[in-house]
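Trainee: I'd like to learn how to read the features of a fold, one at a time. Could you walk me through one?

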Amino acid sequence: MSTLKSTHDNAAAPPDAAAPRLTLAALVRRLAALRGRPALDELNGWMGAVEVGPEELRPHVSFKEGTYARHRVFVNEHAELLVLCWRPGQRTPIHDHNGSFGAVRVLSGVMWETIFEMDGGRGLAYKYAREWTPGHVTGADIPDIHQLGNPDVSGRDLITLHLYAPPLTSLNVYRVGRRDSYNTLWLNSWNPTI
Ligand SMILES: [Fe+2]
């Protein structure tokens, strides 16, 4: 029996074909014009509207063997935009975003997201899981605790677009059955923990 629920019940719907489209460059211009922190609804709206063409995406695509690869597209004091590239079997640790909103759009491949909750008695516990496919957007509110990854059974690479506000500076990393977490201040390309 699989423990993975494949639902999009509480997810943003796939983008409406009639909705205004945003290129990656247009999204970057919108982020560059921010004068304050955007709301999670705004992040979800932009990520639902963005369409990243192959020419725009190509400079941000490369993979690593050991862990997923992070490519920063844009950052300012209010927001950060990243492309992440995952081989089958690569995934994040269990984490939250330490106060940042986050939104993720799958560009190609399949992403599995596992959601956890802190139980006063048991510590961190599994809550549910979701599967995300191209065109769907998932937003992480505060203090959502989750784990993202490209399942090893997918048989193909995964490419995702991530928008955080404010930019990620550190994360809290958790373990199942524990009540404590540790904060990572070493967020960089060789030890990514998004
Ligand atoms: Fe995350």
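Mentor: Gladly! Let's begin with burial: a residue is buried if 20 or more other C-beta atoms lie within 10 Å of its own, and exposed if 12 or fewer do. Keep in mind that this is a predicted model.

Trainee: Which residues of helix 1 are buried?

Mentor: In helix 1, which spans residues 24-32, the buried ones are L24, L27 and L31.

Trainee: Why do they line one face of the helix?

Mentor: The general idea first: an α-helix has 3.6 residues a turn, so residues three or four places apart point the same way. Here, looking down the axis of helix 1, the buried residues fall within an arc of 60 degrees, so they line one face. R29 and A32 are exposed on the other side of helix 1.

Trainee: And what covers the buried residues of helix 1?

Mentor: The cover includes helix 2 (40-49) and helix 3 (54-57), along with strand 1 (69-75) and strand 2 (80-86). Helix 2 has its own buried residues, namely L43, N44, W46, M47 and G48. Those pack against helix 1, strand 4 (101-108), strand 7 (137-140) and strand 9 (158-165).

Trainee: How many residues does the largest nonpolar core have?

Mentor: That core has 37 residues, and M47, V50 and L163 are the ones with the most contacts inside it. Two or more residues come from each of helix 1, helix 2, strand 1, strand 2, strand 4, strand 7 and strand 9. Take L163 as a case: leaving out residues up to four places away in sequence, it touches L43, W46, M47, A79, L81 and A103.

Trainee: Is A69 buried or exposed?

Mentor: A69 counts as buried because it has 20 C-beta neighbours inside 10 Å. You will find A69 in strand 1. Apart from neighbours within four places in sequence, A69 is in contact with S62, F63, K64, L84 and C85. A69 and Q90 are 21 residues apart in sequence, while their C-alpha atoms are 9.6 Å apart in space.

Trainee: Now for strand pairing. How many bridges join strand 5 to strand 6?

Mentor: Nine bridges join strand 5 (residues 111-119) to strand 6 (residues 123-132), and the two run antiparallel. They form a hairpin with three residues between them.

Trainee: In what sense do strand 5 and strand 8 pair?

Mentor: Strand 5 pairs with strand 8 (residues 145-149) in the antiparallel sense, over five bridges. For W112, the bridge partner in strand 8 is G149.

Notes
Residues are numbered from 1 along each chain as its sequence is written. This is a predicted model: local features need pLDDT of at least 70, side-chain atom pairs count only at pLDDT 80 or more; totals for chains, interfaces and linings use all residues. Helices (H or I, at least four residues) and strands (E, at least two) are DSSP runs, numbered from the N terminus. The arc is that of the directions from the helix axis to the C-beta atoms. Two residues are in contact if their C-beta atoms, placed from the backbone, lie within 7 Å. A nonpolar core is a set of buried Ala, Val, Leu, Ile, Met, Phe, Trp, Tyr and Cys residues joined through C-beta atoms within 7 Å. Two strands pair if DSSP finds at least two bridges between them.
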